[in-house]
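Me: I have a structure open and would like to learn how to read its side-chain contacts. Could you take me through them, one feature at a time?

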Amino acid sequence: MTFSEGWAEAEALTRHQRRKRKAASGSAGRVVAVLSLPFGPSRGGGGEEAPGMADTASQVLLGSGLTALSQPLMYVKVLVQVGYEPLPPTLGRNIFGRQVYQLPGLFAYAKHIMKVDGRAGLFKGLTPRLCSGAIGTIVHSKVLQRYQEADQEEAPGASPKEPVSSLEQVIKETSREMVARSAATLVTHPFHVITLRCMVQFIGKETKYSGIFSPFVTIYREEGILGFFAGLIPRLLGDVLSLWLCNMLAYLINTYALENGVSTMNEMKSYSQAVTGFFASMLTYPFVLVSNLMAINNCGLAGGLPPYAPTYSSWLDCWGQLLKEGNMSRGNSLFFRKVPAGKLYVWEEKRFR
């Protein structure tokens, strides 16, 4: 999930919060709305109207557009995460103006891919990724809709309840969002695995996972059902941790750091969700890296085998080796990329040792 996608969904969240403030009292601004990356803005919440078919369709279309636009960035990021460096370091300047050896950034890397495979080469793996986003959005929306329907069924004839505090409301909405997002991740993970393997084929110029249906047959034949869920556990853990960190930090900032009564303060509270979401994603990035590496590990592709990656026995083994090598943030930044300290570039292998 890219930073641009996070800000786009934060804009949608802001518009959603404006509608809530028109219908509710001014205290609604103190309740943190749930940011539901990557499956679309959440409509969760006790008294809100369930999303209709048109709303879900618009989320699918918006998400598909963002996915297509961000595909080249995602492609380069995955290859860097694997450790593939087709271009040697060059002498450049860092953000402070000092001359240092740097690795090629996003645009130089993308230019190399276009030189090898043409412009269309930047969009390898787009089809399964689009399927993943569309199906995930629908599952996510349906789960939240069931929660809302259950709330509406309890409302008629229910005895008056104590007013719910803003913290309790945040915990309730975040818990529901966690279930919805986890369900969407579980259902779409096979498409995520195929997406990553389609991209990593660039390293060895393979075509093993090309086509629409053949990758499913290949994975089932070689790895069985479990092959479709390679790297699922760290991905789920990272999503859950990122969600709770994001919403609880936003709640603390909105409640204790920002005061009500200023017209622009409500907008600041809305955008604090995007800021805390980005901060949470940075903290949980190692889970994303480990999940992606486990999804391609020992799958028969050059990018999932030595010398690019050892054969990991589990995701904890992968985590431990990356931590030992100091590679827990590999691929986190695609600009001003520093040469790894104490390592030499091996031209034949297109990687550092």
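Me: Let's start with burial: are Tyr-84 and Phe-202 buried or exposed?

Reply: Burial is judged by relative accessible area: buried means under 20%, exposed over 50% and partly exposed in between, with a 1.4 Å probe and protein chains only. Here, both Tyr-84 and Phe-202 are buried. Keep in mind that this is a predicted model, where local features need pLDDT of at least 70, side-chain atom pairs count only at pLDDT 80 or more, and totals for chains, interfaces and linings use all residues. Residues are numbered from 1 along each chain as its sequence is written, and side-chain values use heavy atoms, leaving out hydrogens and water.

Me: How many aromatic pairs does a search of the whole structure find?

Reply: Rings of Phe, Tyr and Trp (its six-membered ring) pair if their centres lie within 6.5 Å; planes under 30 degrees apart are stacked, over 60 edge-to-face, and the rest tilted. The search of the whole structure gives 7 such pairs. In one of them, the ring centres of Tyr-84 and Phe-202 are 6.2 Å apart with planes at 80 degrees, so this pair is edge-to-face. The two residues are 118 apart and link distant parts of the chain: Tyr-84 is in the loop between helix 2 (53-82) and strand 1 (90-93), while Phe-202 is in helix 5 (residues 166-204). Helices (H or I, at least four residues) and strands (E, at least two) are DSSP runs, numbered from the N terminus.

Me: Now charges. How many salt bridges does a search of the whole structure find?

Reply: Side chains of opposite charge can pair when their charged atoms come close. A salt bridge is a side-chain nitrogen of Lys or Arg within 4 Å of a carboxyl oxygen of Asp or Glu. The whole structure has 7. One of them joins Arg-176 and Asp-151, at 2.7 Å from N to O. That pair links distant parts of the chain, Arg-176 in helix 5 and Asp-151 in helix 4, 25 residues apart. Both partners are buried, Asp-151 with 15% relative accessibility.

Me: Where do Arg-181 and Glu-177 both lie?

Reply: An α-helix has 3.6 residues a turn, so residues three or four places apart point the same way. Arg-181 and Glu-177 are both in helix 5, 4 residues apart, about one turn of the helix. They form a salt bridge whose closest N and O atoms are 3.8 Å apart. Arg-181 is buried at 6% relative accessible area, and Glu-177 is buried at 0%.

Me: What do the side chains of Glu-223 and Arg-197 meet in?

Reply: Theirs is another salt bridge, 2.7 Å from N to O. Glu-223 is in helix 6 (residues 214-223) and Arg-197 in helix 5, so the pair ties together parts 26 residues apart in sequence. Glu-223 counts as partly exposed at 28% relative accessibility, whereas Arg-197 is buried at 0%.
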